[in-house]
Amino acid sequence: MTAARYSVVMVSAAFILQAAMGANEDQSGGAAAPARGVIRAAFGKTTNGTPVDIYTLTNANGIELRAMTYGGIITSLKVPDRSGHVGDIVLGFDTIDSYLKDPPYFGALIGRYGNRIAKGQFTLGGTPYKLATNNGPNHLHGGVKGFDKVLWNATQAEGAEGVSVTFTRTSPDGEEGYPGNLQVSVRYMLTDKNELAIDYRATTDKATPVNLTQHSYFNLAADSGDILGHELMLNASRYTPVDDTLIPTGELAPVQSTPFDFQTATPVGARIGADNVQLKNGKGYDHNWVLNRTGPGLQRAALVVEPKSGRTLEIVTTEPGIQFYSGNFLDGTITGKGGQVYKHRTGFCLETQHYPDSPNHPNFPSSILQPGQTYASKTVFRFGVQK
Ligand code: GLA
């Protein structure tokens, strides 16, 4: 009974929002309705004049996700709080122009290698490779023009499980210094179980590192406050400590008795100011946790609860690691959607991944894709509410 009443509230709230925001972008010409489905619309142009499309995915419960062909960027994600009030829980911008100004990976699809590679160097099969160093001495998130800054082809679909958009692209041999033509396909599916399920696939014609992830900044309160009150659980008894350029030392260190222990739900802010060299190196949390895995398939990585709104986010993944980044570099210099100023720690990222700098750490799970193999990675973000 409660569930039925609840979904009615959600749909009507989504209807009001969509009618207010999306009507002028609906190419059907009619009034926008919150019907389950996918709508494609124009979202401006890149600096060289190429049109960018944006896809609005709406599930059977009125949850709505928008993602665009530039960078595979998720621009908004609207989910209800415990009283049915719909809010946008990801940071971003209203216009394409702001996304073109090199923001810190808001909502972006990250590749060819998410996270850092030390000094932009690695050796594969005896051949040394040199990548761009775009983060101090290191390579970060695919380089100067990573997967977050290119245009993707897109196809939409509506199936029994949910509605989706699939982004595809060939990353050419030598792009940003990486070997091999990499055929990439990433599907964002919004299921009727209120999940965002992301399926990553890739094949190559030369051995190459691959580590694809999604860089949405979440604020489950859907407001401009900091995220320090969000309660975080990470299913990890170890993490990978880093040097002061955020490159792993190679150690898998126990989290127990450290501010990195999120094995039971703890507010993000509870220990973030502790006197701890790792917190200093990260300027807060900006580390990879080693997920406790018992086998292949989707396993729980994280659970986040925002106590004021009641919104919850559970993450399950096939990946061995997760980067928890507490928005430490946000400093109030970026103004986003609706004029909101993104101050220190007003959003957090949970990036499922292979560990940072894996190509240089033989003791880490391998991130190397060989010709003839298929890279297949899946992460599901489940949205809910705590009563
Ligand atoms: C990642 C990195 C952070 C930071 C953000 C973007 O999450 O680990 O250090 O670079 O991206 O600002």
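Author: Two strands are said to pair if DSSP finds at least two bridges between them. Strands themselves are DSSP runs of E with at least two residues, numbered from the N terminus. The model is predicted, so local features need pLDDT of at least 70 and side-chain atom pairs count only at pLDDT 80 or more, whereas totals for chains, interfaces and linings use all residues. Residues are numbered from 1 along each chain as its sequence is written, and side-chain values use heavy atoms, without hydrogens and water.

The open sheet has five strands in the order β1-β2-β3-β4-β5, paired antiparallel. Because β1 (37–45) and β5 (86–88) stand at the edges with a single partner strand each, one side of each lacks a neighbour in the sheet. From one strand to the next, the twist averages 20 degrees (axes are lines fitted to C-alpha atoms, with angles from 0 to 180 degrees between N-to-C directions). Strand β4 (residues 74–80) runs antiparallel to β5 and is joined to β5 by three bridges; Val79 has Gly87 of β5 as its bridge partner.

Ser257 has a positive phi of about 60 degrees and lies in the loop between β19 (253–254) and β20 (266–267). Ser257 is exposed (over 50%), with 76% relative accessibility. Finally, the peptide bond from Gly111 to Arg112 is cis, with omega near 0 degrees.

Methods:
Helix = DSSP H or I, 4+ residues; strand = E, 2+ residues; numbered from the N terminus. Buried < 20%, exposed > 50% of the residue type's maximum accessible area, 1.4 Å probe, protein only.
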